[in-house]
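Okay, thanks for coming, everyone. Have a look at the screen and I'll walk you through what we've got.

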Amino acid sequence: TDLAKIRNFSIVAHIDHGKSTLADRLIQETGTVEDRDMKAQLLDSMDIERERGITIKANTVRIDYKADDGETYVLNLIDTPGHVDFAYEVSRSMRAVEGSLLVVDSTQGVEAQTLANVYHAMEADHEIVPVLNKIDLPASDCDRVAEQIEDVIGIEATGAIQVSAKTGQGIHETLEAIVNELPAPKGTRDAPLKAMLVDSWYDAYLGVIVLVRIMDGVLKKGERIKMLSNGSTHHVDRIGVFRPAMAVIDELGPGEIGFLTASIKQVRDTRVGDTITHEKKGTDDALPGFKPAQPVVFCGLFPVDSSEFEDLRDAIDKLALNDASFSFEMETSAALGFGFRCGFLGLLHLEVIRDRVEREYDIELITTAPSVVYHIYMRDETMIELHNPADMPDLTHVDHLEEPRIKATILVPDEYLGDVLKLCQDRRGIQLDLTYAGSRAMAVYDLPLNEVVFDFYDRLKSVTKGYASFDYQLTGYQTDNLVKMSVLVNDEPVDALSMMVHRDRAEARGRAMVEKLKDLIPRHMFKIPIQAAIGGKVIARETLSAMRKDVTAKCYGGDATRKKKLLEKQKKGKKKMRQFGKVDIPQEAFISALKMD
Ligand code: GTP
């Protein structure tokens, strides 16, 4: 295709502002899909994505559009993941296109993810076209939202296109803006092949599918290609585009976006951001900024029923085949038995994987406290990455510890600001900025990631009645006074409950933890001390008193069925318990005990 007739773009938006609905409309308006085939949210393929309304894998679609100037254009839309956990994928896919539609819900305004995503677009030097969506709703206020876009983001928005992705109003104007306001891609046809690996995923029939953007040169079926990151070579057996169904074509030229298959077995063998070239006469010049995604949040996944360990292994193996950013290794815990220590890009990623194991593989899981990756500097000047508080080395060998910090952006209506500031303060936050746009405040905080991985997001939602939006990026590591807090039940350490805490907060955290456990652990025939300790020093203690009488004692012998029922109920309850030493700890205890406040 003639470069001048190509437009490559993405849509950036806060969650629920209508990105998928707008994409569906653009596809429908251009007749890319017959109306009767049109399913809502065409671009979200996995059920779980649809249910959560989150687009996880970047998808793409090629649209032919006959513009008002009489020419036919090829529009390539890349659907970017909307959440911070996938920030690296967002920033890569942004580099594969030249422009963005900035979709803002005109009944809501700019939110935290609007900002985070538009910054990625700006970093990629995009031409940005603002689109105000949901104008069919009575609460729509385009003037206010346009002004807010100008104030907060700093791009011209007075002439923003007004759209209803629901009714189709403004869709034609949007297509014209894509053609007239976004630049055509650049690239040289007779240069050596240089293509960006934008995304990859596993398909049961075709194996790994690789989404590519051709920067220079031409890629044809049957050619041999090479990945610059590791030198691996492959035979290209198929080339095509998404309309949005797969359509096989002969070649992809500069500026084009499409897919290839090359008998690649695992998604792990492909790296987002890598440069693909020809095996012979290729380029050595890699695209800048390539880095593999690093897991930042770790937690243990254990089967509730320990006989399901092999099933869990199988499930995790399968999920990992299709997700290069998810890491795992076997872990044994005295309390929980055999399981896996898993690494994720963030909390959402963790939740998605956990949900998929539970739902698609029907395995009930115990999830241990999420932990960030600490850097432990030893006295012998080596550095250890700590993924699991249970592996904390002996303190006498440790020189100091560093923890990851984030820059968090929170947008919230004025009336809740006080509570938000308090929450950030309570979590060791340092305020970096506080500004207002209309009746909304934007607070920017430097926060330790470890304070955010527990239940920060839940707390934020609850203190703001769901009105706050939140986004963050990792900024780096910083030394702080961190210690490992262990929990002992009946004098035995429960490794799954140990956690890293700031020294100044240890007593309060320890106290809250033992009090909670006292309520969560059922009484036994003997009394049970519950303690929190740092090193050998107990910092908080509760005692769960012994059960006074047998539960069935109330039944006065006569009522046998009632007695039986009671015992059955007890037995059932027991299934969800973990025997620990002589003590049964219910499954919820592991989760509830780790939530604060
Ligand atoms: P994610 O893909 O989950 O990030 O969300 P999204 O930004 O793609 O939002 P989505 O397209 O799923 O839309 C969110 C909700 O808003 C859905 O219930 C849509 O039906 C609705 N919606 C989208 N556009 C419009 C619109 O123009 N008018 C009205 N009334 N509702 C809309």
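This is a predicted model: local features need pLDDT of at least 70, side-chain atom pairs count only at pLDDT 80 or more; totals for chains, interfaces and linings use all residues.

Residues are numbered from 1 along each chain as its sequence is written, and side-chain values use heavy atoms, with hydrogens and water left out.

So, is Gly438 buried or exposed? At 71% relative accessibility, Gly438 counts as exposed. You'll find Gly438 in the loop between β25 (430-437) and β26 (440-448). Those names come from DSSP runs numbered from the N terminus: helices are H or I with at least four residues, strands are E with at least two. Glu415 is 23 residues away from Gly438 along the chain, and their C-alpha atoms are separated by 12 Å.

Now the overall picture. The protein chain has 14 helices and 34 strands. Of its 597 residues, 54% are buried. The accessible surface comes to about 26800 Å², and 48% of that belongs to carbon and sulfur atoms; the areas are Shrake-Rupley values with a 1.4 Å probe, and for residues only the protein chains shown count as cover. Next, contacts, meaning heavy atoms within 4.5 Å. Take the contacts with a separation of 6 or more: 69% of them are between residues 24 or more positions apart.

What about the inside? In soluble globular proteins, nonpolar side chains tend to be buried together. Here, the largest nonpolar core has 84 residues, and Phe456, Leu517 and Phe590 have the most contacts inside it. By nonpolar core I mean a set of buried Ala, Val, Leu, Ile, Met, Phe, Trp, Tyr and Cys residues joined through side-chain atoms within 4.5 Å. Setting aside neighbours within four places in sequence, Leu517 is in contact with Val487, Leu497, Ile530, Ala589 and Ala593.

Let's look at one helix, α9, residues 417-426. Leu417, Val420, Leu421, Leu423 and Cys424 are buried there. Looking down the axis of α9, those buried residues fall within an arc of 160°, so they line one face of the helix. That arc is taken from the directions from the helix axis to the C-beta atoms. And what do the buried residues of α9 pack against? They pack against β24 (398-413), β25, β26 and α11 (456-463). Just after α9, Arg428 takes a positive phi of about 65°.

On to the annotation. An unreviewed UniProt entry places a "binding site" at Asp16, His17, Gly18, Lys19, Ser20, Thr21, Asn133, Lys134, Ile135 and Asp136. UniProt positions are in the numbering used here, feature names are shortened, and annotations may be inferred rather than shown by experiment. Two of those positions are worth a stop. Thr21 lies in helix α1, residues 19-29, and counts as partly exposed because its relative accessibility is 34%. Asn133 is in strand β5, residues 127-133, and counts as buried at 3%. The Asn133 side chain reaches the backbone oxygen of His17 at 3.0 Å. Beyond four places in sequence, the contacts of Asn133 include Gly18, Val104, Asp105 and Ser164.

Glu111 is buried, at 6% relative accessible area. Not counting residues up to four places away, Glu111 touches His14, His17, Leu411, Arg440 and Ser469. The side chains of Glu111 and Ser469 make a polar contact of 2.7 Å. For a polar contact you need a pair of N or O atoms within 3.5 Å; within protein, one must be able to donate a hydrogen and the other to accept it, and residues adjacent in sequence count only if both atoms are side-chain atoms.

Last stop, strand β1, residues 6-13, which holds Ser10. Ser10 is buried, with a relative accessible area of 0%. A 3.1 Å polar contact joins the side chains of Ser10 and Ser100. Over in helix α6, residues 171-181, there's Thr174, also buried with 0% relative accessible area. Outside its sequence neighbours up to four places away, Thr174 touches Leu26, Leu101, Val131, Ile161 and Val163.

Terms used. Buried means under 20% relative accessible area, exposed over 50%, partly exposed in between (1.4 Å probe, protein chains only).
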